[in-house]
Amino acid sequence: MKLLLTTIFFLFCFQNLKASPQFPDYLIVGKDTLSIYFLPLNKLDSFKQKELFRNLEIHNEYNASFNLWRGYQAYWKLENSKLFLTGFKDNLQSENILKETFGNKYENGKVFADWFSSYFAVGKDKQLKWDGIFSRTYLKEELFEFEKGELKNRSLIENYIKMPNGISRLEDNRKLITDTIFSKIKDLAWKKLSDCECDDKYWININDKGKIDNISFVPFGDNENEIKQFEKVHKKCIKKIFEQTKDLQFDIIKWNGKPYKQRIEFEIFYTVEGKLENWSE
């Protein structure tokens, strides 16, 4: 019984650990200390990552928590257009850990991040979207692009493009999006379509151009045969919904300057009184 309770507790903690908002790493640029929701240490090869975590554990500095599943918060410094790892937050053993992990690459209190060929962004305006755990994008950002640890480009970017007559996607505007979609389909012959069980849940995909490019049925059923049958039934419904909504234009969102596609759950229900309702959350 004790083992069972321990296992249940561990699984509960693990699920909460994965779902909890995570703390950022920090970037020092001049006199500024900036939060970055990117993990340059994840770009290390697997052998070096294992070595790093082993050294964190040896020095009892692996501090996993609900808001810090990776067990550390790294400090980075941009100096002479190069990225350096300088230590770990609230870690008295940072110097030893860096020395033992990177050997003679540790010089003058820092390690040149020559393994990092990617980018990270720093928010310069209010938050636009986030994944609910870690990654996020802002209305305006400063983008830092690196190749083998050397800064190759630094630019200001905007991640929200207002389109002519576009439907707003600022913040979490799912209700506006689902209400707009519903307004386009509510006058269809849903009583007839309801015989095919069209009143159900769908995934609405908005592409990086702000247009609906795909609609799919949210799978439902106790087995694969039932799911396939529901999918077959919903083909007609999906075609009707797409025909009515394909011309909608939404404002365009980018994620750290990159194309962004959004998937919205859309649910409709046809009541026994003969009324179609929008049940989207």
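Predicted model: local features only at pLDDT ≥ 70, side-chain atom pairs only at ≥ 80, totals over all residues.

Visitor: OK, how many bridges join β17 to β18?

Guide: Three, and the two strands run antiparallel, with β17 covering residues 262-270. As for a residue pair to click on, isoleucine 268 stands opposite asparagine 278 in β18.

Visitor: In what order do the four strands of that open sheet come?

Guide: The order is β14-β13-β17-β18, with antiparallel pairing.

Visitor: Which strands does α4 lie across?

Guide: β13 (201-206), β14, β17 and β18, and α4 runs at about 50° to β17. There's also α6, which lies across β13 and β14 and runs at about 155° to β14.

Visitor: At roughly what angle do the axes of α4 and α6 cross?

Guide: Roughly 105°, and the axes come within 9 Å; α4 is residues 174-185 and α6 is residues 224-245. Angles from 65 to 115 degrees count as roughly perpendicular, so that's what α4 and α6 are to each other.

Visitor: Which residues make the contact between α4 and α6?

Guide: From α4 you have Ile181, Lys184 and Ile185, and from α6 there are Ile241, Gln244 and Thr245. By type, the residues of this α4–α6 contact split into three nonpolar, two polar and one charged.

Visitor: And which residues of α4 are buried?

Guide: Ile177, Thr178, Thr180, Ile181, Phe182 and Ile185. Ile181 and Ile185 are also on the α4 side of the contact with α6.

Visitor: How far apart are the end C-alpha atoms of α4?

Guide: They're 17 Å apart. At 1.5 Å a residue, twelve residues should span 16 Å, so the two values agree.

Visitor: Switching to hairpins: how many residues sit between β10 and β11?

Guide: Two, and lysine 148 in the turn has a positive phi of about 50°. Eight bridges join β10 (residues 140-147) to β11 (residues 150-158), running antiparallel. Leucine 143 has serine 155 in β11 as its bridge partner.

Visitor: What about the hairpin of β8 and β9, which residue takes a positive phi there?

Guide: Glycine 132, with phi near 90°, and that hairpin has five residues between the strands. Three bridges join β8 (residues 127-130) to β9 (residues 136-138), again antiparallel.

Visitor: Now a loop. Where is serine 65 found?

Guide: In the loop between α2 (46-58) and β3 (74-79). Its relative accessibility is 31%, so serine 65 counts as partly exposed. C-alpha to C-alpha, serine 65 is 9.3 Å from serine 20, with 45 residues separating them in sequence.

Visitor: Zooming out, how many helices and strands are in the protein chain?

Guide: Six helices and 18 strands. The protein chain has 281 residues, and 42% of them count as buried. For contacts between residues at least 6 apart in sequence, 64% join residues at least 24 apart.

Key:
Residues numbered from 1 in each chain as written. Heavy atoms only, no water. Axes fitted to C-alpha atoms, helices over the stretch in contact; angles between N-to-C directions. Parallel < 35°, antiparallel > 145°, perpendicular 65-115°, else oblique. Contact = heavy atoms within 4.5 Å. Nonpolar A, V, L, I, M, F, W, Y, C, P; charged D, E, K, R; others polar. Expected span 1.5 Å × (residues − 1). Buried < 20%, exposed > 50% of the residue type's maximum accessible area, 1.4 Å probe, protein only. Pairing = 2+ DSSP bridges.
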